[in-house]
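The following briefing concerns one protein model and is arranged by topic. Please read it alongside the sequence and the coordinates.

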Amino acid sequence: MHPKIASLLAKFPRVELIPWETPIQYLPKVSEMLGVEVYIKRDDLTGLGIGGNKVRKLEYLLGDALAKGADVVITMGAVHSNHAFVTALAAKKLGLDAVLVLRGKEVLRGNYLLDKLMGVETRIYEAENSFELMKYAEEVAEELREQGKRPYIIPVGGASPIGTLGYVRAVGEIATQSAVLGLEFDTIVDAVGSGGTIAGLALGLALAGMKTRPVGMAVGLFGEKMVQRIEDLLRETSELLGVKVKVEVPEIYDYSFGAYGKIVREVSEIIRLVGTKEGILLDPVYTGKAFYGLIDRAKKGDLGEKILFVHTGGISGLFHYGEDMLKLLGKV
Ligand SMILES: Cc1ncc(COP(=O)(O)O)c(C=O)c1O
C-alpha cells in the first residue's frame, strides 16, 4: 500500500471485505495481437459473492453505515445490477438488512436470480435510468424509519465520495504492485457506469504522484452529465480526504453501443476472444464493452505501450444475457 494513500485513508471506518490484494496479470495473446503490453488487474476476484469493483466501494460505504448505527441498507440499480446484489450480500454478511430498489423487466436470471436465492428483499419501479430511482429509495427509507429502523442509502453504483475512497485505496495497491513488478503503466483503463471507479482511480493516481493516465470507457451515460458527475466526485472526495489537488476529469470514450445494457455482436465476439485466448471471462454490459474500447483505442495508438485494464467483475451478466449473446454469435 502506497504510504501517502494509506495515511490519508486511515481515519475512515472500513470493513475488510477483500482478504487479499487482487493480482495483476499479463495478457500475452492480447498483447501480441495489439503490439503493446496489456495487463489486467483482477478486481473480478475481490472475494465477496461474485466479486467486482463494488466490493472495494462497499468496504468504506458499509464501514460508514456501521459507524452511523444503521441496521438496514437500501440501494438501487437495474434488475441485473451487480452493485445491488453485492451490496445486499455484503450487508447480510455484516448482520444488516437490505432492500433493493430496482428497475427493469423481472427475469429470474443472473443477479436477480441470486437476489432471490439469497432471500434479498427487492422492489421494482418504473424509471428511465437508475439515477431516477433515488426518490423511491427515499420513500422506502421513510417507510423503514416509521417502523423504527435505521436505514442507510447507498447511491447508484456506490458512486459517492465515501465509495470513491475504495478506488483511491486500489491505486495504493496498484502503486506497490507495479513497483514490485518493475512496471510503469502509461494508462489504466476501466468501464465507466456511475463514474465512481474512474474518479477514485484518477484521484488515487494524482495522490500517489503517478504519471499513469486514467482512461474510461463509458458503457451508458456519457457526455456533459457524466463529466459533471465525475468532476463532482473528484472535488467532493478530495474535500473528504482533506487534500488540495487539482485533478482533471479523465478522458472518457463512448463504448455504450447506443444504450446501457444493449447487447451487441461485436462485444460478444471480444468476450469470446478474451475467454478463449486468455481464460478470462468478461461480461456484455460493462467489462466486455470496456475491453472492446481498449482494443479499439490501443489499435489507434491512444493508450501507450503499457496498459492496465481493471477487470471490474460482472460475471453474472453472462448468465443474464448469455442467450442473447449466443443468438448474435450464431450457431457454433
Ligand atoms: C462489472 C461492473 N463494471 C464496471 C462498473 C462501473 O463502475 P462505476 O459505476 O464505478 O463507474 C459496474 C457498475 O455497476 C459494474 O457492475
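Lys289 is buried, because 30 other C-beta atoms lie within 10 Å of its own; a residue is buried at 20 or more such atoms, exposed at 12 or fewer and partly exposed in between, with C-beta atoms placed from the backbone. The model is a predicted one, in which local features need pLDDT of at least 70 and side-chain atom pairs count only at pLDDT 80 or more, while totals for chains, interfaces and linings use all residues. Residues are numbered from 1 along each chain as its sequence is written.

**Surroundings of Lys289**

- Lys289 belongs to helix H11; helices (H or I, at least four residues) and strands (E, at least two) are DSSP runs, numbered from the N terminus.
- Apart from neighbours within four places in sequence, Lys289 is in contact with Ala191, Met217, Val219, Tyr255, Ser256, Phe257 and Val267; contact requires C-beta atoms, placed from the backbone, to lie within 7 Å.
- Between the C-alpha atoms of Lys289 and Glu32, which are 257 residues apart along the chain, the separation is 20 Å.
- Phe257, one of the contacts of Lys289, is located in the loop between S9 and H10.
- Phe257 counts as partly exposed because it has 17 C-beta neighbours inside 10 Å.
- The phi of Phe257 is positive, near 55°, in a residue other than glycine.

**Helix H11**

- The 13 residues of H11 (residues 287–299) should span 18 Å at 1.5 Å a residue, and the end C-alpha atoms are 18 Å apart, which agrees; the expected span is 1.5 Å times one less than the number of residues.
- The buried residues of H11 are Thr287, Gly288, Lys289, Ala290, Phe291, Tyr292, Gly293, Leu294 and Ala298.
- These buried residues pack against helices H2 (28–34) and H10 (265–278), and against strands S7 (187–192), S8 (213–218), S9 (251–254) and S10 (306–310).
- Gly301 follows H11 and has a positive phi, near 80°.

**Packing of H10 with H11**

- The axes of H10 and H11 are 9 Å apart, and the helices pack at an angle of about 85°; axes are lines fitted to C-alpha atoms, for helices over the stretch in contact, and angles run from 0 to 180 degrees between N-to-C directions.
- H10 is therefore roughly perpendicular to H11, the classes being roughly parallel under 35 degrees, roughly antiparallel over 145, roughly perpendicular from 65 to 115 and oblique for the rest.
- H10 contributes Glu266, Val267, Ile270, Ile271 and Val274 to the contact, and H11 contributes Gly288, Lys289, Phe291, Tyr292 and Ile295.
- By class, this contact has seven nonpolar, one polar and two charged residues; Ala, Val, Leu, Ile, Met, Phe, Trp, Tyr, Cys and Pro count as nonpolar, Asp, Glu, Lys and Arg as charged, and the others, Gly among them, as polar.

**Packing of H5 with H12**

- Helix H5 (residues 110–117) packs with helix H12 (residues 316–329) at an angle of about 120°, with axes 6 Å apart.
- H5 and H12 are therefore oblique to each other.
- Gly110, Asn111 and Leu114 of H5 make the contact with Ser316, Gly317, Phe319 and His320 of H12.
- The contact of H5 with H12 comprises two nonpolar, five polar and no charged residues.

**The protein overall**

- The secondary structure consists of twelve helices and ten strands.
- Of the 332 residues, 51% count as buried.
- Among contacts between residues at least 6 apart in sequence, 78% join residues at least 24 apart.

Notes:
Contact = placed C-beta atoms within 7 Å.
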